[in-house]
Amino acid sequence: MIPSPVRHWQPILIAALSATAVAALGALMTDLGPWYMSLRKPSWQPPDWLFGPVWTLIFGLCALSGYIAWRNAPNRGGRDGIIGLFALNGFLNILWSTIFFRLRRPDWALVEVGLLWFSIFLMIIVLMRYSKTASLLLLPYLGWVTFAGALNWAVVRLNAPFA
(Lines give C-alpha, C1' and ligand atoms only; values in the text may rest on other atoms or scores of the structure.)
Protein backbone atom coordinates (compact mmCIF):
# COMPACT_ATOMS: atom_id res chain seq x y z
CA MET A 1 0.00 0.00 0.00
CA ILE A 2 1.40 3.39 -1.00
CA PRO A 3 1.02 5.97 1.78
CA SER A 4 -1.06 8.97 0.88
CA PRO A 5 0.82 12.28 0.51
CA VAL A 6 -1.41 13.82 3.19
CA ARG A 7 -0.51 11.15 5.74
CA HIS A 8 3.16 11.62 4.90
CA TRP A 9 3.14 15.41 5.29
CA GLN A 10 0.77 15.65 8.23
CA PRO A 11 3.35 14.69 10.91
CA ILE A 12 5.94 17.00 9.31
CA LEU A 13 3.47 19.87 9.40
CA ILE A 14 2.46 19.13 12.99
CA ALA A 15 6.11 18.99 14.11
CA ALA A 16 6.91 22.26 12.33
CA LEU A 17 3.84 24.04 13.71
CA SER A 18 4.52 22.76 17.22
CA ALA A 19 8.14 23.95 17.12
CA THR A 20 6.99 27.30 15.75
CA ALA A 21 4.38 27.65 18.50
CA VAL A 22 6.94 26.95 21.24
CA ALA A 23 9.38 29.39 19.65
CA ALA A 24 6.71 32.08 19.31
CA LEU A 25 5.45 31.69 22.88
CA GLY A 26 9.02 31.73 24.20
CA ALA A 27 9.71 34.88 22.18
CA LEU A 28 6.56 36.52 23.58
CA MET A 29 7.81 35.81 27.10
CA THR A 30 11.25 37.28 26.33
CA ASP A 31 11.45 40.96 27.18
CA LEU A 32 14.76 42.65 26.38
CA GLY A 33 13.58 45.88 27.95
CA PRO A 34 15.23 48.12 30.55
CA TRP A 35 15.28 45.50 33.33
CA TYR A 36 17.18 42.98 31.21
CA MET A 37 19.49 45.61 29.76
CA SER A 38 20.38 46.80 33.27
CA LEU A 39 21.59 43.35 34.35
CA ARG A 40 25.31 42.79 34.60
CA LYS A 41 26.29 40.01 32.21
CA PRO A 42 29.50 38.05 31.77
CA SER A 43 31.97 39.17 29.13
CA TRP A 44 31.53 35.86 27.30
CA GLN A 45 27.82 36.33 26.66
CA PRO A 46 27.07 36.27 22.92
CA PRO A 47 25.46 39.36 21.39
CA ASP A 48 21.68 39.48 21.79
CA TRP A 49 21.11 39.27 18.01
CA LEU A 50 22.66 35.78 17.93
CA PHE A 51 20.02 34.16 20.13
CA GLY A 52 17.25 34.35 17.50
CA PRO A 53 19.17 32.52 14.74
CA VAL A 54 20.48 29.90 17.17
CA TRP A 55 17.02 29.19 18.54
CA THR A 56 15.59 29.04 15.01
CA LEU A 57 18.14 26.38 14.08
CA ILE A 58 17.54 24.46 17.31
CA PHE A 59 13.76 24.45 16.86
CA GLY A 60 14.17 23.29 13.27
CA LEU A 61 16.39 20.43 14.40
CA CYS A 62 13.89 19.55 17.14
CA ALA A 63 11.02 19.41 14.66
CA LEU A 64 13.04 17.17 12.35
CA SER A 65 14.12 14.98 15.26
CA GLY A 66 10.54 14.59 16.47
CA TYR A 67 9.30 13.73 13.01
CA ILE A 68 11.99 11.10 12.42
CA ALA A 69 11.46 9.47 15.82
CA TRP A 70 7.67 9.55 15.46
CA ARG A 71 7.88 8.00 11.99
CA ASN A 72 10.16 5.22 13.29
CA ALA A 73 8.15 4.42 16.42
CA PRO A 74 6.67 0.95 16.01
CA ASN A 75 3.31 1.66 17.61
CA ARG A 76 0.94 4.29 18.93
CA GLY A 77 2.31 4.02 22.46
CA GLY A 78 5.79 4.92 21.24
CA ARG A 79 4.47 7.80 19.17
CA ASP A 80 2.40 9.10 22.09
CA GLY A 81 5.46 8.92 24.34
CA ILE A 82 7.49 10.94 21.87
CA ILE A 83 4.76 13.57 21.65
CA GLY A 84 4.57 13.69 25.45
CA LEU A 85 8.33 14.22 25.80
CA PHE A 86 8.34 17.03 23.24
CA ALA A 87 5.27 18.63 24.87
CA LEU A 88 6.93 18.56 28.30
CA ASN A 89 10.11 20.00 26.85
CA GLY A 90 8.20 22.75 25.05
CA PHE A 91 6.42 23.66 28.27
CA LEU A 92 9.72 23.81 30.18
CA ASN A 93 11.30 25.90 27.42
CA ILE A 94 8.52 28.50 27.58
CA LEU A 95 8.51 28.37 31.39
CA TRP A 96 12.20 29.31 31.56
CA SER A 97 11.59 32.47 29.51
CA THR A 98 8.57 33.31 31.64
CA ILE A 99 10.47 32.93 34.91
CA PHE A 100 13.61 34.75 33.76
CA PHE A 101 12.11 37.62 31.77
CA ARG A 102 8.51 38.10 32.94
CA LEU A 103 8.91 37.23 36.62
CA ARG A 104 12.42 38.71 36.58
CA ARG A 105 13.74 35.83 38.64
CA PRO A 106 16.98 34.54 37.14
CA ASP A 107 17.58 32.68 40.42
CA TRP A 108 14.41 30.62 39.97
CA ALA A 109 15.15 30.24 36.25
CA LEU A 110 18.50 28.70 37.21
CA VAL A 111 16.66 25.89 38.99
CA GLU A 112 14.22 25.50 36.11
CA VAL A 113 16.99 25.31 33.48
CA GLY A 114 18.11 22.11 35.20
CA LEU A 115 14.69 20.60 34.53
CA LEU A 116 14.82 21.82 30.93
CA TRP A 117 18.28 20.29 30.50
CA PHE A 118 17.12 16.97 31.95
CA SER A 119 14.10 16.91 29.62
CA ILE A 120 16.41 17.27 26.61
CA PHE A 121 18.73 14.57 27.93
CA LEU A 122 15.73 12.28 28.45
CA MET A 123 14.54 12.93 24.89
CA ILE A 124 17.98 12.04 23.55
CA ILE A 125 17.97 8.74 25.48
CA VAL A 126 14.39 7.78 24.57
CA LEU A 127 14.66 8.78 20.90
CA MET A 128 17.78 6.63 20.56
CA ARG A 129 15.41 3.63 20.73
CA TYR A 130 13.76 4.76 17.52
CA SER A 131 16.47 6.58 15.60
CA LYS A 132 20.08 7.44 16.26
CA THR A 133 19.71 10.38 13.86
CA ALA A 134 16.70 11.76 15.75
CA SER A 135 18.65 11.51 18.97
CA LEU A 136 21.79 13.17 17.57
CA LEU A 137 19.77 16.07 16.15
CA LEU A 138 19.03 17.10 19.74
CA LEU A 139 22.68 17.43 20.77
CA PRO A 140 22.96 21.11 19.68
CA TYR A 141 19.89 21.85 21.82
CA LEU A 142 21.48 20.14 24.83
CA GLY A 143 24.72 22.03 24.22
CA TRP A 144 22.97 25.38 23.90
CA VAL A 145 20.91 24.86 27.06
CA THR A 146 24.08 23.81 28.88
CA PHE A 147 25.64 27.09 27.77
CA ALA A 148 22.45 29.00 28.65
CA GLY A 149 22.52 27.43 32.12
CA ALA A 150 26.09 28.64 32.64
CA LEU A 151 25.06 32.08 31.41
CA ASN A 152 22.04 32.06 33.73
CA TRP A 153 24.32 31.11 36.64
CA ALA A 154 26.68 33.99 35.79
CA VAL A 155 23.78 36.47 35.68
CA VAL A 156 22.61 35.28 39.10
CA ARG A 157 26.14 35.51 40.51
CA LEU A 158 26.66 39.02 39.11
CA ASN A 159 23.24 40.44 40.07
CA ALA A 160 21.84 38.62 43.12
CA PRO A 161 19.79 39.00 45.19
CA PHE A 162 16.50 39.06 43.28
CA ALA A 163 13.17 39.84 44.89
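Of the chain's 163 residues, 41% count as buried. The model is predicted. The chain holds seven helices and zero strands. Read along the sequence, its pattern is α-α-α-α-α-α-α. The C-alpha trace spans about 60 × 25 × 25 Å along its principal axes. Take the contacts between residues at least 6 apart in sequence: 76% of them join residues at least 24 apart.

**Helix 3 against helix 4**

- Two packed helices are described by the angle between their axes and the distance between the axes.
- Helix 3 covers residues 48-72, and helix 4 covers residues 76-102.
- The two pack at an angle of about 165°, with their axes 9 Å apart.
- Helix 3 is therefore roughly antiparallel to helix 4, the angle being over 145 degrees.
- The crossing of helix 3 and helix 4 is right-handed.
- From helix 3, the contact draws on Trp 55, Phe 59, Cys 62, Ser 65, Gly 66, Ala 69 and Trp 70. From helix 4, it draws on Arg 79, Ile 82, Ile 83, Phe 86 and Asn 93.
- By class, this contact of helix 3 with helix 4 has eight nonpolar, three polar and one charged residues.

**Helix 3 against helix 7**

- Helix 7 runs over residues 139-159.
- Helix 3 and helix 7 pack at about 140°, and their axes are 9 Å apart.
- That angle makes helix 3 oblique to helix 7.
- The crossing of helix 3 and helix 7 is left-handed.
- Helix 3 brings Phe 51, Val 54, Trp 55, Ile 58, Leu 61 and Cys 62 to this contact. Helix 7 brings Pro 140, Tyr 141, Trp 144, Val 145 and Leu 151.
- The residues of the contact of helix 3 with helix 7 divide into eleven nonpolar, no polar and no charged.

**Helix 4 against helix 5**

- Helix 5 covers residues 106-128.
- The axes of helix 4 and helix 5 come within 9 Å and cross at roughly 160°.
- Helix 4 is thus roughly antiparallel to helix 5.
- The crossing of helix 4 and helix 5 is left-handed.
- The residues of the contact of helix 4 with helix 5 divide into 19 nonpolar, three polar and one charged.

**Ser 65, in helix 3**

- Ser 65 is found in helix 3.
- Ser 65 counts as buried because its relative accessibility is 0%, under the 20% cut-off.
- A polar atom of the Ser 65 side chain lies 2.6 Å from the backbone oxygen of Ala 134.
- Leaving aside neighbours within four places in sequence, Ser 65 is in contact with Phe 86, Leu 127, Ala 134, Ser 135, Leu 137 and Leu 138.

**Leu 137, between helices 6 and 7**

- Leu 137 lies in the loop between helix 6 (132-136) and helix 7.
- At 17% relative accessibility, Leu 137 counts as buried.
- Leaving aside neighbours within four places in sequence, Leu 137 is in contact with Leu 61, Leu 64, Ser 65 and Ile 68.
- Leu 137 and Gly 60 are 77 residues apart in sequence. Their C-alpha atoms are 9.6 Å apart in space.

**Glu 112, in helix 5**

- Glu 112 has its place in helix 5.
- Its relative accessible area is 4%, so Glu 112 is buried.
- Leaving aside neighbours within four places in sequence, Glu 112 is in contact with Leu 92, Leu 95, Trp 96 and Ile 99.
- Glu 112 and Gly 149 are 37 residues apart in sequence. From C-alpha to C-alpha they are 9.4 Å apart.

**Backbone exceptions**

- Most residues other than glycine have a negative phi, and most peptide bonds are trans.
- Arg 104 has a positive phi, near 55°.
- Arg 104 is in the loop between helix 4 and helix 5.
- With 37% relative accessibility, Arg 104 counts as partly exposed.
- The peptide bond from Ala 160 to Pro 161 is cis, with omega near 5°.
- Pro 161 is found in the segment after helix 7.

Terms used: Residues numbered from 1 in each chain as written. Predicted model: local features only at pLDDT ≥ 70, side-chain atom pairs only at ≥ 80, totals over all residues. Heavy atoms only, no water. Helix = DSSP H or I, 4+ residues; strand = E, 2+ residues; numbered from the N terminus. Buried < 20%, exposed > 50% of the residue type's maximum accessible area, 1.4 Å probe, protein only. Polar contact = N/O pair within 3.5 Å; in protein donor to acceptor, adjacent residues only side chain to side chain. Contact = heavy atoms within 4.5 Å. Axes fitted to C-alpha atoms, helices over the stretch in contact; angles between N-to-C directions. Parallel < 35°, antiparallel > 145°, perpendicular 65-115°, else oblique. Left-handed = near helix turned anticlockwise from the far one by under 90°. Nonpolar A, V, L, I, M, F, W, Y, C, P; charged D, E, K, R; others polar.
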